[in-house]
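User: Can you walk me through this one? I'd like to start with a pocket and then go on to helix packing.

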Amino acid sequence: MWVIGSRNLAAGLIALLLLAPARAYETDQFTHRLTPISDSTAVLNAKVNAAISRVAERFRWGHDEVKFCYEVYQIVGGRHWVDKLERWAMKSPEVEKISITRRQSIYWGHPPWATRVAFIFGIGATIKVNGVHIGSDKIGHFFSQGLKYYRRFLRSGSESKAAGQSRYTERALFGKLTTGSYSNADLVANYEGHRFYRSLFEDGITGDKPAIVRWEEGRWIVQRPFDWADYVNEYWDEALNINHYDRVLRPRIAERLTEYCDDYRAAPEAYRIDNEAALQRRYAHLGLRDTTDLRLDRLCKSRMAGKAVGDQDP
């Protein structure tokens, strides 16, 4: 077992050295979930709307939609370890955060070859957007991976085809190899980022809303504000849309999650998805993996049932 684990750790370390900018840490929406935290939708909306307005006012490349996207990305995203808006959110007192140490997290107590990235880089912060607990890393997925998704969509003309590469990155170097987990929530954030870039120019991407900008008399006009609420939902939350863990990490995580059953019993509504059927339809093409067996409603009920059976044994 240790030989296999050592090989996995070595492969993960090599991948981290080469590709860590794509994903530098894990997050944990189970730990301290019941801690009150203010919603940061308004303050994050303001930052994105300021970026879009700035690009529209200064744009000098005509009716070039792809260039417009890249100009927005340069303000809120960027080619570095952590996207600019993500870094700002992690540091700003305007964004309330739940900070978690590795020792407190669901990844504590597992050997380094099982947790990999979490062991090396620690645990990212959790913030609240549109009433949903999300890892701060999802901002980077939204803008950076979302832009890549959007470019693949433009080339293929198919959201399903564009989703294929996003699935591959979660299966390979940006996902299971370096983290031991396949993040369903990352795939959702990537896709919603793609929808954001489309919604800059296309009507009807977010419900019945018009495009965010329009081309008029040789310039871009901002015709409605951006709103994170159009994109963020419960499937961004890794305590609800749980990661799919590899065969080494999964049993360890499942056992660790049962330690949160007291939190679940205290506030079961904090672990509920009210509109899941609609979300399943919306993301059916993304290749999300079924991890409902790791949700606390099932884990904790199974645990209590097992105890009840055990209590009856002679």
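Predicted model: local features only at pLDDT ≥ 70, side-chain atom pairs only at ≥ 80, totals over all residues.

User: How many residues line the second largest pocket, and which lie nearest its centre?

Analyst: The lining has 14 residues. Nearest the centre are Tyr 235, Gln 280, Leu 288, Arg 289 and Asp 290.

User: And what volume does the second largest pocket have?

Analyst: About 200 Å³.

User: OK, helices now. At what angle do helix 4 and helix 7 cross?

Analyst: Roughly 165°. Helix 4 covers residues 84–91 and helix 7 covers residues 137–156. Their axes come within 8 Å.

User: So what do we call that pair, parallel or antiparallel?

Analyst: Angles over 145 degrees count as roughly antiparallel, so helix 4 and helix 7 are roughly antiparallel to each other.

User: Is the crossing of helix 4 and helix 7 left-handed or right-handed?

Analyst: Right-handed.

User: Which residues meet there, in helix 4 and helix 7?

Analyst: Helix 4 brings Leu 85, Glu 86 and Ala 89. Helix 7 brings Asp 137, Ile 139, Gly 140 and Phe 143. By class, the contact of helix 4 with helix 7 has four nonpolar, one polar and two charged residues.

User: What makes the contact of helix 2 with helix 3?

Analyst: From helix 2, Ala 51, Ile 52, Arg 54, Val 55 and Ala 56. From helix 3, Phe 68, Glu 71, Val 72, Ile 75 and Val 76. The contact of helix 2 with helix 3 counts eight nonpolar, no polar and two charged residues.

User: Last pair. What about the axes of helix 2 and helix 4?

Analyst: They come within 12 Å and cross at roughly 145°. The crossing of helix 2 and helix 4 is right-handed.

User: Which residues of helix 2 and helix 4 make the contact?

Analyst: Val 43, Leu 44, Lys 47 and Val 48 of helix 2, with Leu 85, Trp 88 and Ala 89 of helix 4. The classes are six nonpolar, no polar and one charged.

Definitions and conventions
Residues numbered from 1 in each chain as written. Heavy atoms only, no water. 1 Å grid on protein atoms, 1.4 Å probe; cavity = no way out; pocket = protein on both sides within 12 Å on 5 of 7 lines; lining within 4 Å. Points joined across faces, edges and corners; volume = space filled by probe spheres on them. Axes fitted to C-alpha atoms, helices over the stretch in contact; angles between N-to-C directions. Helix = DSSP H or I, 4+ residues; strand = E, 2+ residues; numbered from the N terminus. Parallel < 35°, antiparallel > 145°, perpendicular 65-115°, else oblique. Left-handed = near helix turned anticlockwise from the far one by under 90°. Contact = heavy atoms within 4.5 Å. Nonpolar A, V, L, I, M, F, W, Y, C, P; charged D, E, K, R; others polar.
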